[in-house]
Amino acid sequence: MTETIPQKRGVPFWAQIIIWLLIVGLLALVGVILGKRQQGTVQPGDAIPDFILPLFSGYEYEGKSEVQLSDFQGKVVVLNFWASWCKPCEQEAAELEEAWKFYEPGGEVVFLGADYVDTEPEARAYLKKFGITYSNGPDMGTKISQMFRIRGVPETYFIDQNGVLYYVKVGPFLSVDEIKSIVAQKLP
Amino acid sequence: MKKTLQILTFALILVSLFTGTALAQDNVPTDDEVNAIAQQLYCPVCENTPLDVCPTEACRQWRELIRLQLSQGMTEAEIKQYFVDNYGARVLAEPPRTGLNWLVYILPPAIILLGSFFLFRSFQEWAKPKVASAGTGGDRSEASSPEKDDYVARLEEELKTRK
């Protein structure tokens, strides 16, 4: 007088496959994102892809309202990320300007300032306060800073005449000589 | 008469001054109006902090920028677009429905639905009797564990001896 015990109905095979695929896909995505975040900044030896930096009016480069990295082939490029709200940036502002003034007549070195997540009135006030004259512009949509994977400001990237990164400075420069010694590595 | 005229003129100047101030104040967006937009944006430099409650200097500057843009007649959508153009889509509290961002909108409801489905199925399984017996004791062994069988056998034996 016994009825058969009903077979326990598990999760269908197709559903199991889908669930596992979703889990693996999600973990892979998280892995890729975490990997990118832990990668750090671009490293010396990396070729820097071309980018466009729009410039603030009054801070144009030879009359151009925006510049591309490829415009500076054959020159050493000093790309400084800064912001008006960044206190450590103030420590190096005068040194950067002094170094620019030193290299400007030679024409072998270009200084570029990329203003990171800032408001234009404050950025202009900052540039005026520190008497900065080299080309400066906003990092629109943080595209350039994302490309360089910057971790904060100030950070400065030294790119050689062939568009290859050769030095990364995280934090403010301590002196003009420090900037000069890095630039000099690529000058004849 | 001359004195009355002077008082009237003075009063008129005073009234016009205050009216001017009041009108000027009316054009300045209030903190609430600024924060209504700021709370839909996130600080681009300090992660996971809405702009309306962010205490940093940078956030204060951005709130003032919103105030300025509101006073210039920009709409909420235009201000948000300005922030996206300048600081990237990550400043939006609600990510735009494009590309991988869709995962944010699809995954949580999908997981909840899937979880609910399996929970429902599990409840159904638990509610079903594991053994459908006709009431005779002869089939008990099928559902019982060997340890329990042994125990029952010993118990029955004990009872027999006590009779």
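Let us begin with A:V176, which counts as partly exposed because it has 18 C-beta neighbours inside 10 Å. A residue would need 20 or more such neighbours to be called buried, and 12 or fewer to be called exposed. Please keep in mind that the model is predicted.

Where does A:V176 lie? The residue belongs to helix α5 of chain A, which covers residues 176-184. Setting aside the neighbours within four places in sequence, A:V176 is in contact with A:E95, A:E98 and A:A99. With A:A125 the separation is 51 residues in sequence, and in space the two C-alpha atoms are 23 Å apart.

I turn now to the domains of chain A. The domain assignment gives domain 1 as residues 11-40 and domain 2 as residues 52-184. Between the C-alpha centres of these two domains of chain A there are 40 Å.

My last topic is a pair of helices in chain B. Two packed helices are described by the angle between their axes and the distance between the axes. Here, helix α2 of chain B, residues 31-38, packs against helix α3 of chain B, residues 57-71, at an angle of about 110 degrees, and their axes are 9 Å apart. The two helices, α2(B) and α3(B), are therefore roughly perpendicular to each other. As to handedness, α2(B) passes α3(B) in a right-handed crossing.

Which residues make the contact? From α2(B) they are B:E33, B:V34, B:I37 and B:A38, and from α3(B) they are B:R63, B:I66, B:R67 and B:L70. Sorted by class, this contact of α2(B) with α3(B) has five nonpolar residues, three charged residues and no polar ones.

Technical notes
Residues numbered from 1 in each chain as written. Chains lettered and ligands numbered in written order. Predicted model: local features only at pLDDT ≥ 70, side-chain atom pairs only at ≥ 80, totals over all residues. Axes fitted to C-alpha atoms, helices over the stretch in contact; angles between N-to-C directions. Helix = DSSP H or I, 4+ residues; strand = E, 2+ residues; numbered from the N terminus. Parallel < 35°, antiparallel > 145°, perpendicular 65-115°, else oblique. Left-handed = near helix turned anticlockwise from the far one by under 90°. Contact = placed C-beta atoms within 7 Å. Nonpolar A, V, L, I, M, F, W, Y, C, P; charged D, E, K, R; others polar. Domains from an automatic or database assignment.
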